[in-house]
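Here are my notes on the charged side chains, in the order I'd go through them. Have the structure open as you read.

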Amino acid sequence: MAISLRLSRGGAKKRPYYRIVAADSRRARDGKYLEQIGTYNPMLPKDDENRVKLVEDRIRYWLSVGAQPSDRVLRFLDAAGIMERTPRNNPQKAEPGEAAKERAEEKATKAAEAEEAKKAAEEEAKAAAAAPAEEPAAEEAPAEEAAAEEAPAAEAGEEKAEG
């Protein structure tokens with residue numbers, strides 16, 4: 001029989017309250033346990049002395065007979081100075097997943113394309129600003145051509161009126 005020191009949940013919905021228990025590891029989380037060895041009330045402030053209560057001598061007994069604490073209970077025991085918890089190191093913890101990396105690459109390529117389009121638009125604007133002297137002459141020519149076209153049409157209309 002493998003014994004574990006773990007949390008057993010009680011309390012109401014959205015109002016958790018935990019017993020720290022020594023239980024057979026094959027039993028249900030909130031099922032039958034061997035002994036209650038403490039309590040944990042996460043609703044209390046972190047600096048409150050009643051947030052975590054431990055029965056030290058019984059915890060030391062269960063550890064001496066081979067009970068294995070869960071990760072959360074081990075944190076409580078480390079804070080109380082009963083058992084040392086070795087810090088864990090996971091260098092990939094903050095690294096994004098494959099899908100996130102692909103999205104980042106797509107975003108980077110879109111940003112680069114947008115930057116290139118912006119530069120091209122700026123170059124066109126500079127070219128347009130450099131050549132405004134040629135445009136007014138081009139605008140005057142169509143106006144003169146339109147006036148020339150209207151004049152013969154007006155003369156033709158006068159001839160029809162006379163006839």
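1. Start with D24 and R26: they form a salt bridge, with their closest N and O atoms 3.2 Å apart. The term here means a side-chain nitrogen of Lys or Arg within 4 Å of a carboxyl oxygen of Asp or Glu. D24 counts as buried because its relative accessibility is 11%, while R26 is exposed at 65%. (Buried is under 20% relative accessible area, exposed over 50%, partly exposed in between, using a 1.4 Å probe and protein chains only.)

2. Some background: this is a predicted model, where local features need pLDDT of at least 70 and side-chain atom pairs 80 or more, while totals for chains, interfaces and linings use all residues. Residues are numbered from 1 along each chain as its sequence is written, and side-chain values use heavy atoms, leaving out hydrogens and water.

3. Next, R58 and E35 meet through their side chains in a salt bridge, 2.9 Å from N to O. R58 sits in helix α1 (residues 56-64) and E35 in strand β3 (residues 35-40), so this pair ties together parts 23 residues apart in sequence. Helices (H or I, at least four residues) and strands (E, at least two) are DSSP runs, numbered from the N terminus. R58 is partly exposed, at 29%.

4. Helix α1 also holds both E56 and R60, four residues apart, or about one turn of the helix. Their side chains form a salt bridge at 3.1 Å, N to O. E56 is partly exposed at 39%, and R60 is partly exposed at 41%.

5. How many salt bridges does the rule give? The count is six.
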